[in-house]
Amino acid sequence: MVGKVLKELRLGRGYTLVQLEKKSGVSYVQITRYENNKSMPTGKTLKKLADALEVTVGDITEKNQEEVLIKDEDLEEKFKKVKNIVPENSASRLALSRIFELMILEGNINEIMPKKV
C-alpha cells in the first residue's frame, strides 16, 4: 500500500513527520493519515511528497502494483482502465472515492467476519 511505502521512505531518510511536512508543504496530520492508509493522496500531493523525499511518484506507487492481486479477469481489466483516470470535477472525484471506500469497507468486514461455508 502507498502508506507503507511512504512511511518506509520517510523513515529511511530519517525524517520525522514534521520534517516531511516542512519539506513537502503537506500537513503532518495528513501524512499520518496516508501512512496509516486512512486516506489516499491525490496526484498533486503525491508529487509534493515524492519531491520532498527525492524520489519519483512511481517509486511510491509502483511498488504497490505487486501487491494488487485481482483474481477476477473482468475486474482486473476494468481496474486497469480506471486506475489512471483523474476525475475532472469534485462530484466525480467524490463518487469514485465513495465507491473505493465501500469496496475497502467490504474487504475489512470480510476479514473480520469471514463468510461461513
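**View 1. Thr45 sits in helix α4.** Welcome to a tour of a predicted model, starting at one side chain. Is Thr45 buried or exposed? Its relative accessibility is 14%, and the cut-off for buried is under 20%, so Thr45 counts as buried. Leaving out residues up to four places away in sequence, Thr45 touches Val26 and Tyr34.

**View 2. Helix α1 packs with helix α4.** Here we stay with α4, which spans residues 43–53, and bring in α1, residues 2–12. The angle between the two helices is about 25°, and their axes lie 10 Å apart. Angles under 35 degrees count as roughly parallel, and α1 and α4 are therefore described that way. Their crossing is left-handed. Which residues make the contact? From α1 come Val2, Leu6, Leu9 and Arg10, while α4 supplies Leu46, Leu49 and Leu53. Sorted by class, this contact of α1 with α4 has six nonpolar residues, one charged and no polar ones.

**View 3. Leu6 and its contacts.** Now zoom in on Leu6, one of the α1 residues in the contact with α4. Setting aside neighbours within four places in sequence, Leu6 is in contact with Tyr34, Glu35, Leu49, Leu53 and Ile60.

**View 4. The largest nonpolar core has 16 residues.** In soluble globular proteins, nonpolar side chains tend to be buried together. In this model, the residues with the most contacts inside the largest nonpolar core are Leu6, Leu9, Leu20, Leu49, Leu53, Val55 and Ile60. Two or more residues each come from α1, α3 (28–35) and α4. Which element gives the most to this core? That is α4, with five residues.

Key: Residues are numbered from 1 along each chain as its sequence is written. This is a predicted model: local features need pLDDT of at least 70, side-chain atom pairs count only at pLDDT 80 or more; totals for chains, interfaces and linings use all residues. Side-chain values use heavy atoms; hydrogens and water are left out. Axes are lines fitted to C-alpha atoms, for helices over the stretch in contact, and angles run from 0 to 180 degrees between N-to-C directions. Helices (H or I, at least four residues) and strands (E, at least two) are DSSP runs, numbered from the N terminus. Angles under 35 degrees count as roughly parallel, over 145 as roughly antiparallel, 65 to 115 as roughly perpendicular and the rest as oblique. A crossing is left-handed if the near helix is turned anticlockwise from the far one by less than a right angle, and right-handed if clockwise. Contact means heavy atoms within 4.5 Å. Ala, Val, Leu, Ile, Met, Phe, Trp, Tyr, Cys and Pro count as nonpolar, Asp, Glu, Lys and Arg as charged, and the others, Gly among them, as polar. A nonpolar core is a set of buried Ala, Val, Leu, Ile, Met, Phe, Trp, Tyr and Cys residues joined through side-chain atoms within 4.5 Å. Buried means under 20% relative accessible area, exposed over 50%, partly exposed in between (1.4 Å probe, protein chains only).
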